[in-house]
Amino acid sequence: MVSRVIPVDPFDLIIFGGTGDLAQRKIMPALFRRFCAGQWPADAQVIGAARGDLDRAGFQAVVAESLRSYASDLARNGDALNAFLQRVGFVRLDALSDAGWDQLAGLLDNARVRAFYFSVGPGLFAPLATKIQAHNLATDKTRIVVEKPFGHDLESSRALNATLAAHFRESQIYRIDHYLGKETVQNLMAVRFGNMLFEPLWNSQYVDHIQITVAETVGIDGREDYYDRAGAMRDMMQNHLMQLLCLIAMEPPAKFDPDAVRDEKLKVIRALDPVEPHHIVRGQFGAGADGPGYRDVVGNPRSATESYVALRAHVSNWRWAGTPFYLRTGKRLVARSSVINVLFKDAPHSIFGAAAGRHANALSIRLQPNEGITLKVTIKEPGPGGMRLVDVPLDMSFAEALGPDSDTPPDAYERLVMDVIRGNQTLFMRGDEVEAAWAWVDPIIAGWQARGDVPKPYDSGSTGPGDAELLMKRDGRHWQGIKP
Ligand code: NAP
């Protein structure tokens, strides 16, 4: 099965921070892949912008090198690589001064879609928005893409929203959370709202509890300063995990349209109860075979920043009353795994007697690695010897299900950048959603600070602190394994 590629409108995409890690490792390879897929119209270009001492040829050489590393399969084709590089421009520009802006203006075409990607440190988001307006670069077809972190707390996110709103309409602002661009996340909506099978069961009457896990093997190398000020709660929970929670818990929107979807997500966040302190576990990784412990990494022997957090949340509405949501995320864990598990209740009565054991259905939605969906169902164990029951997975691995001729699902950035050009905000966070998420997270962090809470140590390469297991055990439940 070969996917349809619908070309987008002519565009000028300007990447502020074009020489940075994100631009080179993710955005440029994503653009190159869409270029090779035939999605770029003839009149389209990408312009990197940064302060570095580079000219266009120098920037093209940087991009070529990155594509050879991060899109090596396609970059082997020299003709494709050269054709793409012809569409790559560069301008030396400073977000904090007026240097370079006139040169940028000279490269742009007012008739095209114009997208400014803010791939710079968060301190430059507001100055960039201001400069774009000051230099009259915003047209009706202009969009801005704002990376994470979107604020540090409610107050700063409000201030940033206010600055952006002073210069752009909400319909022009694309706050990116790359988790929303993952194929499986959209499949989650397809599974929920495209089938009769699941939605009638998708409530507290049938769902015992839901687990959302984002486990990483990597530490925080290269981001020590930022991370030690942020921690797992701000860096991962406030955005990625809460977004996943919203998509799992939201009511069916009337249509698959940006505001209809985002209205429903916002209602979920607003329905979240405050979290009890004994329903949260914080952890900090110690030294291991893969490197020094957290405090050595950040160079602060007294750091009380968490590299792991697990919590039990409640969505207080008619659908979910009584069904807990357990969320956990951490660094330097045993395996890299992002997965949502929906654990259904036991059948109300077993006609097979106690010997058959207890069995319950479970739906696992894997975001990475090996994106796919697995439904655990109970069947009879084959063979003679009476009625013994066994759980088997119905596995919908996308790679297998769609066959060897299927295209690899596009990387999240491929989809999201093209959605910006298309003007589709469905997979981007709205300002009020971000603020509501901070409003839920801020009191949790304030509580830690007030109590002088110190994170529990956990072994690097483990599944996290033992207390996270207790959080579940107290409720008679257990975490689904983080698979190595
Ligand atoms: P980075 O590697 O430090 O790159 C920063 C870029 O901004 C460089 O191109 C830098 O070039 C440019 N820059 C710095 N000051 C500037 C100024 N005054 N005017 C114009 N350009 C300036 O950062 P990054 O890792 O790519 O991250 C960029 C943003 O994406 C951050 O907000 C980060 O939180 C977010 N993000 C990154 C990742 C990731 O995987 N890297 C993931 C998620 C989100 P010059 O110094 O030459 O100007």
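1. Aromatic pairs. The predicted model contains 16 aromatic pairs, where rings of Phe, Tyr and Trp (its six-membered ring) pair if their centres lie within 6.5 Å; planes under 30 degrees apart count as stacked, over 60 as edge-to-face and the rest as tilted. One of them joins Phe32 and Phe84 in a tilted arrangement, at 5.2 Å centre to centre with 55° between the planes. Phe32 belongs to helix H1 (residues 21-36) and Phe84 to helix H4 (residues 78-85), so that the pair links distant parts of the chain, 52 residues apart. Helices (H or I, at least four residues) and strands (E, at least two) are DSSP runs, numbered from the N terminus.

2. Trp40 is buried, with a relative accessible area of 8%. One aromatic cluster is formed by Phe11, Phe32, Phe35, Trp40 and Phe84.

3. Charges over rings. A charge sits over a ring if NZ of Lys or CZ of Arg is within 6 Å of the ring centre and within 35 degrees of the ring normal. Lys182 lies over the face of Tyr179, at 5.3 Å from the ring centre. The charged end of Arg282 sits over the ring of Trp448, at 4.1 Å from its centre.

4. Salt bridges. The whole structure holds 35 salt bridges, each being a side-chain nitrogen of Lys or Arg within 4 Å of a carboxyl oxygen of Asp or Glu. Asp259 and Arg430 meet through their side chains in one of these, at 2.7 Å from N to O. The pair links distant parts of the chain, 171 residues apart: Asp259 is in helix H10 (residues 258-270), and Arg430 is in the loop between helix H13 (412-422) and helix H14 (431-451). Asp259 is partly exposed at 39% relative accessible area, whereas Arg430 is buried at 8%.

5. The network around Arg430. Arg430 also forms a salt bridge with Asp432, the closest N and O atoms being 2.9 Å apart. Asp432 is partly exposed, with a relative accessible area of 29%. Salt bridges that share partners join Asp259, Arg262, Asp263, Arg430 and Asp432 into one network.

6. A salt bridge between strands. Which residue forms a salt bridge with Arg366? The partner is Asp395, with the closest N and O atoms 3.5 Å apart. Arg366 lies in strand S12 (residues 360-368) and Asp395 in strand S14 (residues 389-397), so the pair ties together parts that are 29 residues apart in sequence. Arg366 is buried at 16% relative accessibility, while Asp395 is partly exposed at 47%.

7. Basis of the values. Residues are numbered from 1 along each chain as its sequence is written, and side-chain values use heavy atoms, with hydrogens and water left out. In this predicted model, local features need pLDDT of at least 70 and side-chain atom pairs count only at pLDDT 80 or more, whereas totals for chains, interfaces and linings use all residues.

Note on methods. Buried < 20%, exposed > 50% of the residue type's maximum accessible area, 1.4 Å probe, protein only.
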